[in-house]
Structures are given as C-alpha cells and as structure tokens.
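Let's take a walk through a protein model together. Have the sequence and the 3D view ready, and follow along.

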Amino acid sequence: MSDTHAQTQPFVRGEMLPESEPPLAEKGAVKWLRENLFSGWLNILLTVVSLYVIWVVLSTVVPWTVLGIWDADSLTGCREIRDARYGEGMEVACWAVIADRWQQLLFGFYPRDLYARPVLALLVFFAGIAPVLFTGLPRKLLWGSLAAPFVMYWLLWGGSIWGPIVVALGLAVGALAFQVGNRAQGALLGGILAIVVPILYWLFLAGPLIRALASVLPIGIEFVPSDDFGGFMLSFIIGIAGITLSLPLGILLALGRQSDLFIINKVSVAFIEIIRGVPLIVWLFTASLLLNYFLPPGTNFDLMLRVIIMVTFFASAYIAEVVRGGLAALPKGQYEAGDALGLDYAKSMRLIILPQALKIAIPGIVNTFIGLFKDTTLVVFIGLLDPIGLSNSIRATTDWNGIYWELFVFIGILFFICCYSMGRYSLALERKLTRENR
C-alpha cells in the first residue's frame, strides 16, 4: 500500500533548470522571416514574386546608375565614352548633363557671380524658421523670424535697402491700427483696420517713401530682375512664400467660416468655395493673362508676385477646410471652457481652441504644404522656368538633345528631399505633442 502511494505522489524538482537558448525558429531574423514573409502559402507566393520584381528592377537600375558617365560635354560624348568602356548598346546614365548644368537647374539664369546671395538667403530662411519649428529655442528669436522674409527678399532681388524696410513698416502700421480700433470699438473694428490701413499704406505711401529715402541715402546692392530667376530656386521661393502666407490666411478663413457675423461668414465661404472649385492651373493663367486687365494702365505687376499671390490664395482655401475640420473635431465643452473662464473671443481662440485644433489638423496641413510645393512645377505652363521648364530648355540644346531620365531623376531627388523632410518633421511634431499631453 505504501509503495503504491509513493508511486502516485507528484514529482517536485528541488532545483531550477539552467537557462537555455530558445529554438532557432523562435528568435531573431529566422522568426521574423517565418512570421512576416513565409507564414502561409499565399504569403510565400507573394514574397517570391516580390523578390523577383525587386531583382529585375535593381538589376536594371543599379548598373544604369552606378556605371553612369560624368566626364562628357554632350550626349554624343557620353555615347562615345560608353561604347569605349562598356561596349556599344550598353544602357548607362549620362550624369554629365548634371555636372554640366546643375547650376542652371538650381539657380536658373541668376548671375553666376551673385550665387552667394541666394545661398545666404537660404541660410537666413533656416535661421528664421528654426524658432518657429523648435520651441526649445529662445522666444526672442521670433523677432528674427519676422525680419527674415524681408532680408531674404533684399538678398534675392537686391536694389535699394529701403524697399523691404518701408514694406515691413506697413506691418507696424497695421499693428498700430489694430490697437486703435480695438480700443475704440473692439476686436472687429481693429481687425478690419489692421487689414485696410496697411493695404492703403502699401498702395499709396510706400512707393513715394521708398523713392524719397533712396534719393537721400542710396544704399543698396545690384538689382536682379525676376526674369533671371529659375530652376529649383524659383520653386523654392514660390513654395516657401505660399506656405508661409497661406497658413495664417487659411486660419482666418476657417474662423471666418465659423463666424456668426453674416458678411464675414458669407465672404469666407464664397472665397473658399470659388478658389477651391477651380484648378490651380486656371488661377495661374488668370495671374499671367487676366490680372493685368484689372489694374490701372501702365502698372507693372511682377509675374512672380502674381503667381505667389494666386498660389497663396489657392493653398489658403485648402488650409481653411483642414483647420475647420480640426475646429469641428473639438468637443463643445472646450468652447464653453473659454466662456467659463471669462475669456473674450480672441483669447479663447488663441489660448484654448486653436492650439488643440491645429494639433488635430497637423497631418492635413502638412499634406497640403507638400502638395503645394510639388504644384509649383505648374508654373512652367505660364512661361516661368522652374526645374521642369529648364530641363526642357536643356534638352532643346544641340549638346543634350535626346536626354531625359537623368534630368528628371535629379529634379525628383531634390523634391523628394524637401517633401520627405516636411513629412518627417510633421511626424516628430505629432509625437512630441502626444507626449506633452499625456
């Protein structure tokens, strides 16, 4: 009886088993491959087909790229070097066109001895945008951000230094008008005066004041007309100007569309629907051909400025709808919180509503910016020589007639770098705001 009882007792181990490695199929790369690429017959089939497609693409693109020729002065020279090095008929890239024309693709017909000015303007842009993008920097640097557009304009176009200074003074005039109107009748009158007074100042006072100051103190640098602008610099100027100006205008339009004031609401709705309902290329043709008919005779309105205005209006209509979606996503309690704290409309929007709405709208806003930056290539249809327009001009020359892919690959890489950087910053900003709200 005791033997039977002893045999039925459960076994209890007196010491721990030593640690051992997991099976090879349950760790590392083998586990990842088994779970993600070879988990079933359909997954295995798709993996094999995908690997074959990747191999076909890489086996064609990599030799064409790596074996490319850089030391030629024409397409004919590229073909002669190719035949001597790799044999006749070998498909290789003729990167010599980039080595020969990269300055033109980047700067257009901007004077070569003045290339330092657009490069310095780019550095000023990065210095001005840094306090806006990175909140860890001192807030006092935002004054430099306000001054950066005027410094960039002077560096790029040149001319009298009094031009950008007098134009910037219009912003101070608008701020003063807002303070006067706000104290007299409230924020509505202040907002109207802040828009109307600077426009009148720029239309009627800025020009005579610039000429008067330039005659007394002729300080300036060599003037470069807009016709000399081109290449990626042109796309960058139009894109950055459109992005910078369309965001505040789009926010104002979104707030105007939600306003209880009848005229402001209807004007905002009409602007958004009319601008958004027509393709950008139509607005560009309007800026190029029709806008001069509505200006006084003899008025010389720069084509690039007209394009920037139209691109800004077009992007602001889309930004307004994106921001309106962010405003609509906020619960009603957030609006009531501002009223409960005794805040007026301006403070409630600035401190409570807009920070949350813009956080929600970040993906849509950045997506609009990326689309706007890529759409700057449409200016080729109105005669501005963006990178696509310059590539057509380069291919029309006798030296490079017949070349295609190399130019488009170079242009595509430049646009990809800028658009990818905007997308990555957007993701980083979303993660940062998510951590701060936890």
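**Cysteines and a pocket**

Start with cysteine 78 and cysteine 94: a disulfide (a pair of cysteine sulfur atoms within 2.5 Å) joins them, with 1.9 Å from S to S. Keep in mind that this is a predicted model, where local features need pLDDT of at least 70, side-chain atom pairs count only at pLDDT 80 or more, and totals for chains, interfaces and linings use all residues. Residues are numbered from 1 along each chain as its sequence is written, and side-chain values use heavy atoms, leaving out hydrogens and water.

The torsion about the S-S bond of cysteine 78 and cysteine 94 is about 75°, so this disulfide is right-handed. Cysteine 78 sits in helix α4, while cysteine 94 is in the loop between α4 and α5 (96-107), so the pair ties together parts 16 residues apart in sequence. Helices here are DSSP runs (H or I, at least four residues), numbered from the N terminus. Both cysteine 78 and cysteine 94 are buried, meaning under 20% relative accessible area with a 1.4 Å probe, protein chains only.

What about cysteine 418? Cysteine 418 is in no disulfide, and its nearest cysteine sulfur, that of cysteine 419, is 6.6 Å away.

Now look at the second largest pocket, which holds about 250 Å³ of space. A pocket is an open set of points on a 1 Å grid where a 1.4 Å probe fits, with protein on both sides within 12 Å along at least five of seven lines; lining residues have an atom within 4 Å of a point. The volume is the space filled by probe spheres set on the points. Helix α4 gives the largest share of this pocket's lining, 4 residues.

Note on methods:
Helices (H or I, at least four residues) and strands (E, at least two) are DSSP runs, numbered from the N terminus. Buried means under 20% relative accessible area, exposed over 50%, partly exposed in between (1.4 Å probe, protein chains only).
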